[in-house]
Amino acid sequence: MYTPLELQFMEIKEQHKDAVLCVECGYKYRFFGEDAEIAARELNICCHPDHNFMTASIPSYRLFVHVRRLVVKGYKVGVVKQTETAALKAVGENKSNLFTRRLTALYTKSTLIGEDILLNVVNPVILLNLDGDSADVEDLTDDLPCNYLMCICEQSEDEGSSKGRHKPGVQLALVAVQPNTGDVVFDCFQDCPSRSELESRILCLQPAEILLPTNLSENTEKLLSSVTASSLRDDRIRVERMDDIHFEFSHAFQSVSEFYAMLDIIQLSRLPSLEKPVVCCLAAVIKYLSEFNLEKVLSLNRFSDKSLCMSINGTTLKNLEILRNQTTGSTRASLLWVLDHTRSPFGRRLLKKWVTQPLIKAREVNARLDAISEILSSESIVLAKTQKLLFKLPDLERGICSIYHKKCSTREFFLLVSSLSCIETTFRALVPAAESQLHSSLLRNILLELPQLLAPVQHYLKILNEKAARVGDKTGLFADLTDFPIIQQRKEEIWDVLSQLQEHCSEIRLILKKPSFNYATVSGLEFLIEVKNSLLPMIPKNWVKVSSTKALCRFHTPFIAEQHKRLLQLREQLVLDCSVEWLNLLDQFGEHYHAIRKATSHLATIDCIFSLAAVAKQGGYCRPIVLEEERQLVIRTGRHPVIDILLAEQEQYVPNNTDLHGDGQRVMVITGPNMGGKSSYIRQVALITIMAQIGSYVPAEEAVIGIVDSIYTRMGASDNIYEGRSTFMEELTEAAAIIKKATSRSLVILDELGRGTSTHDGIAIAYATLEHFIKDVKSLTLFVTHYPPLCELERLYPENVRNYHMAFLLNEEEDEQKDEGKGKL
Ligand SMILES: Nc1ncnc2c1ncn2[C@@H]1O[C@H](COP(=O)(O)OP(=O)(O)O)[C@@H](O)[C@H]1O
Ligand SMILES: [Mg+2]
């Protein structure tokens, strides 16, 4: 026999088989069956058999900590709440039954948004210290920084095209959404058998969760299992499979059009222009997110628009250590680490985007550089005040998104609205000064636009009651009730009952002959009439005894009993009414979502600019001259931005020059002893180019950077060992892919190509490849090699090629290493 609670659990579990369910039972949340065992294992709590199931429980106020822990470990977690309140239940039809319960929220890595999580906006460390609960800090600061949900699907090439011909290529599509920031990107591309394009995008977006159809090609599966297997501690990518039917085009197209028609946004007109597989992904994402009530976030943004940013593929991201270092996989010692001096979480997210998507329009690069120069040279109070403001902002981007999803707490809402309104006031006051003092168009536009975008916010701050909002009391939330007639009416009803009870009090005074009599409240029970035992004979028979002590008894008159019951019902009803109005308010606020989101992204941009200005301030950095038409890289006394910082004071990085011209000297063949600094040098050139195109100052005395459309890298065999692919094979595939994609506007760096095979073959491959780059691709090329025969190419192509030798002198006395720069061979 199952208990009623168990039956209820089984029914909900049946619909959400894949989720670990936390079930609200009074002041606890309980787990049942396998869920209890998982909870015991992952949360370090006990579980024990009870009736038919194993069970385990956690106190309600700790729910958010435990949900988070389970989610971080990769589980899908469901929260099942009691949906009835005691007083209303007592008069309802459901009187004698179990509390009704319903699944109120589901969470996974990418969808960790909601009231149970509580810490969306506020810095978790600060909050927890307040509660004196330091044990959890470590857990929570580990907050998932990026949480893209990425959906991938593929379409094999020969569908539709001529059959029989063997085509190894495949068309892949992806849609990636960050439900807590509202970021949506999508892309459709051809990929080779090693799926390197897909890998690039996964490395670049670093999704927390991947949504896949049940069936994918073997090659794709292989890549996915290799990217999802590698992980630091717990941040493994969570994989969710969805039935293939949801990816089927006609089905997908219909559900996507219905979805956008319902949202009633202009996006619908763009639908036909989307590639088929993108529509399929979109449909699956909509379906998946609606399970979490997060689907509204899908308004479309184009991702890799090839014409807008430099293309840096996954291999290059890894080789140049742009987001993470290759040794430990953390951000330390990466390019992002060097550039990141941002103050806000949303600024940090934007900077990450900037770093992986350098610009290719000189005008845009210069707009950023102008802004940085102005920050370095200007003494305007506008900039000082702006920077000061950035220090203390909560995560606005996530905050407005959780409002948009209607999943924020009143406290978060208040915090957000008051921050936004403070920003609005500050910037409005700065408008005249900004107009007269600022020259950079980027800064001007942002600072002048911000107050307009944020104007709607003030209204919300005005209608809120701060104290109630902070403690989460929705019944006291609205300072002015004129716009909320239902709440007004309910409150009047309550006052009415209260005043009747007050009147009743004077009748009681008469009966008790005690003019000073007043109701007492004891442990939550209100309107009690306390009577000394000696006076008991005076008490009318129909009074109901509520409780008693040795000295006295406490009563309710029949009238009080009735009114009290009604009062409790009205109060619960008020809570429900207020929740409805609260949701309406969030809905209304959601109409300003796009404007406020734009304001947030403006703030993020300013944050990034200040971050780059902090980089520029360091000694030995200069403003690069960025040109769009020229094909050249001229760098005087350049340094590797990361090694430069890592080397201790006394062992300074030895600067190097670079002088490459598309029409002349465009290929450097570099030889030299091991540990000569060759690899560091070619990376340095690539990193300086990337920094310049991000719009950052660069570590050099002087730099002229002709914009490159892409950077390709192929690094030494030992630097890069892949699972399941032979190095030689890997080398050749990568080199072939570079040859196919590089243009005369690209920068290509090849480190010891040919090392994966015998010397003889190696030389032949290296020679042929290099010659191809010199003659046909015509890209700017840095080629590190151990093979002397390659130096012969300088003789064959004296116009375009030059040989360099890289060496270092060791200063014995100080035991420090010193390059002698590059001497010509
Ligand atoms: N210009 C430089 N100044 C100081 N140290 C350098 C410089 N270039 C490289 N190094 C250091 O020398 C070491 C070897 O560099 P690497 O580029 O791997 O040499 P190679 O590729 O020639 O074997 C690295 O640990 C790096 O930190
Ligand atoms: Mg090397």
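In this predicted model, a backbone N or O atom of Gly677 lies 2.9 Å from an oxygen atom of ligand 1.

From the ligand we turn to the protein as a whole. The protein has 825 residues, of which 53% count as buried, and its secondary structure comprises 28 helices and 26 strands. Among the contacts that join residues at least 6 apart in sequence, 71% are between residues at least 24 apart. The accessible surface of the protein amounts to about 37,600 Å², and carbon and sulfur atoms account for 53% of that surface.

Within helix 2, which runs over residues 34–43, the residues Asp35, Ala36, Ile38, Ala39, Ala40 and Leu43 are buried. An α-helix has 3.6 residues a turn, so residues three or four places apart point the same way. The cover over the buried residues of helix 2 includes helix 1 (4–15) and helix 3 (63–72), together with strand 1 (19–25), strand 2 (28–32) and strand 4 (53–59). After helix 2 comes Asn44, which has a positive phi, near 60 degrees.

Which residues does Arg101 touch, once those up to four places away in sequence are set aside? They are Leu5, Gln8, Ile12, Val23, Glu24, Cys25, Val80, Lys81, Gln82 and Thr83. Arg101 itself belongs to strand 6, which covers residues 101–107. Although Arg101 is buried, it has no salt bridge, and the nearest side chain of opposite charge, that of Glu24, is 6.4 Å away. The side chain of Arg101 does, however, reach the backbone oxygen of Glu24 at 2.7 Å, and it also makes a polar contact with the side chain of Gln8, at 2.8 Å.

Leu298 sits in the loop between helix 10 (276–290) and strand 12 (311–312), and it counts as buried because its relative accessibility is 0%, the cut-off for burial being under 20%. Neighbours within four places in sequence left aside, Leu298 is in contact with Val177, Val184, Phe259, Tyr260, Leu282, Val285, Ile286 and Leu289. The C-alpha atom of Leu298 is separated by 8.2 Å from that of Asp183, although the two residues are 115 residues apart along the chain.

The other residue, Glu199, is part of helix 7, which consists of residues 196–205. With a relative accessibility of 8%, Glu199 likewise counts as buried. Glu199 and Thr220 are 21 residues apart in sequence, and their C-alpha atoms are 9.6 Å apart in space.

Notes:
Residues numbered from 1 in each chain as written. Chains lettered and ligands numbered in written order. Predicted model: local features only at pLDDT ≥ 70, side-chain atom pairs only at ≥ 80, totals over all residues. Heavy atoms only, no water. Helix = DSSP H or I, 4+ residues; strand = E, 2+ residues; numbered from the N terminus. Buried < 20%, exposed > 50% of the residue type's maximum accessible area, 1.4 Å probe, protein only. Lys, Arg positive; Asp, Glu negative; His and termini not counted. Salt bridge = Lys/Arg side-chain N within 4 Å of Asp/Glu carboxyl O. Polar contact = N/O pair within 3.5 Å; in protein donor to acceptor, adjacent residues only side chain to side chain. Contact = heavy atoms within 4.5 Å. Areas by Shrake-Rupley, 256 points an atom, 1.4 Å probe, with all protein chains shown as cover.
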